[in-house]
Amino acid sequence: MADLRKRNLDLDSEDDKSLGNKVDLSNTIPSGTDKAPELLDATLSSLPPRWRNWVIRGIFTWVMIFGFALMIYAGPLALMLVVLAVQVKCFAEIINIGYAVYKIHGLPWFRSLSWYFLITSNYFFYGESLVDYFGVVDNRTEFLRALVKYHRFISFSLYIGGFVWFVLSLVKRYYMKQFSLFAWTHVALLIVVTQSYLIIRNIFQGLIWFIVPVSMIVCNDVMAYMFGFFFGRTPLIKLSPKKTWEGFIGGGFATVIFGLLISYFLCQYPFFVCPIEFNEELGRMTLDCEPSPLFRPQEYTVPASLAPLVRMVTGKNTVMIIPFLLHSLSMSVFSSVIGPFGGFFASGFKRAFKIKDFGDIIPGHGGIMDRFDCQYLMATFVNVYISSFIRMDSPQKLLQQIYSLKPELQLELFTALRDSLTTRGILQLPAP
């Protein structure tokens, strides 16, 4: 009796008596890979399960691809809204697993707190983008000017409000679970909100920095599945038993070829390569510019070891290459070699809680998070890559930052710039 009493005291809450040390959410979290519309399910009922899943997965893969094309056609604003919607859904799927794991009852404030922190983090991150890219517009009115000036302080105050709210909501015998969910929420914010913010930053650099990486991940996922389905024999990793070396290698080669082809195609159109800027005269975002040398053919001298071969084909020791294709090659290698590890990470997470999918919103695929686990990893790489090797600050963006300064600071900057240009002989001032 004493041992039983002691064991009960060690439990954090009454829920632990039924939960014990085992966490199995297979009957709690719905699985999308086993779900299909009734009409389609009845039509494919005669097929073996393996082929039935292949057909359903293929159909909804094409549905998502066409949907992606429509979003691109709708423009950058539509893409940003879709990224925000995807972020919210991914956060909901991760948080729902947390609730199912820790099974807190009678604590309604905690669910509200999770969404409060989501709103607060979005206010901070997306506010940073608005300040950077729309500073001129924001400074037109006193109200927006104050929001810009005190943006970080307001964001910090909002977070501290949630922090105090959490401390006040702590309930005896639920401490461990509440702190666990607090950590769970912040990890979800780190994975989802931060990465979606980086996706938005990539979009502002030009749609090509969004379309190409996303398409590469889609291509790698589809082609790895195809190669694995038809030729897969050698298991790749224990975390995901269905993944094979044949699929991994085949998907990688297909991704490199696809990446070069789609990059070459997109480089021909200013709509895809121009940075997104706010046009003050038109009062809207624009995608109109003279494409930078990054997206136009440049002449390169080949290494001496390859010179004889190139000379046989072109008659000279140089080749014409669009520089972006070389960057595309780097992204395709990352998406095919490192990108799948985002999926392996998600597989390990799901195996830890004995669930098959994050949700069931996409038949044949699972939840939204099941499709975007690799995309978030890729978005971070692209953002770091741009910052490290590209980093194009447009004159328009610099002017927006200057216009946000006080008039006396703008005059001081003008005087310093004029004197510097005159001293270096770049600017000739008229004689007095």
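1. The lining of the second largest pocket has 14 nonpolar, three polar and one charged residues. Here Ala, Val, Leu, Ile, Met, Phe, Trp, Tyr, Cys and Pro count as nonpolar, Asp, Glu, Lys and Arg as charged, and the others, Gly among them, as polar. A pocket is an open set of points on a 1 Å grid over the protein atoms alone, with protein on both sides within 12 Å along at least five of seven lines, and lining residues have an atom within 4 Å of a point.

2. Bear in mind that this is a predicted model: local features need pLDDT of at least 70, side-chain atom pairs count only at pLDDT 80 or more, and totals for chains, interfaces and linings use all residues. Residues are numbered from 1 along each chain as its sequence is written, and side-chain values use heavy atoms, leaving out hydrogens and water.

3. Back to that pocket: I94, V187, I191, F345 and M369 lie nearest its centre.

4. Now the aromatics. Rings of Phe, Tyr and Trp (its six-membered ring) pair if their centres lie within 6.5 Å, with planes under 30 degrees apart called stacked, over 60 edge-to-face and the rest tilted. The count is 29 aromatic pairs. Y116 and F117 make an edge-to-face pair, because their ring centres are 6.0 Å apart and their planes at 70°.

5. F334 and F381 are stacked, with ring centres 3.9 Å apart and planes at 5°.

6. Ring pairs also join Y116, F117, Y159, W165, F166, F179 and F182 into a cluster.

Note on methods:
On a 1 Å grid over the protein atoms alone, a cavity is a set of points where a 1.4 Å probe fits but cannot get out, and a pocket is an open set with protein on both sides within 12 Å along at least five of seven lines; lining residues have an atom within 4 Å of a point.
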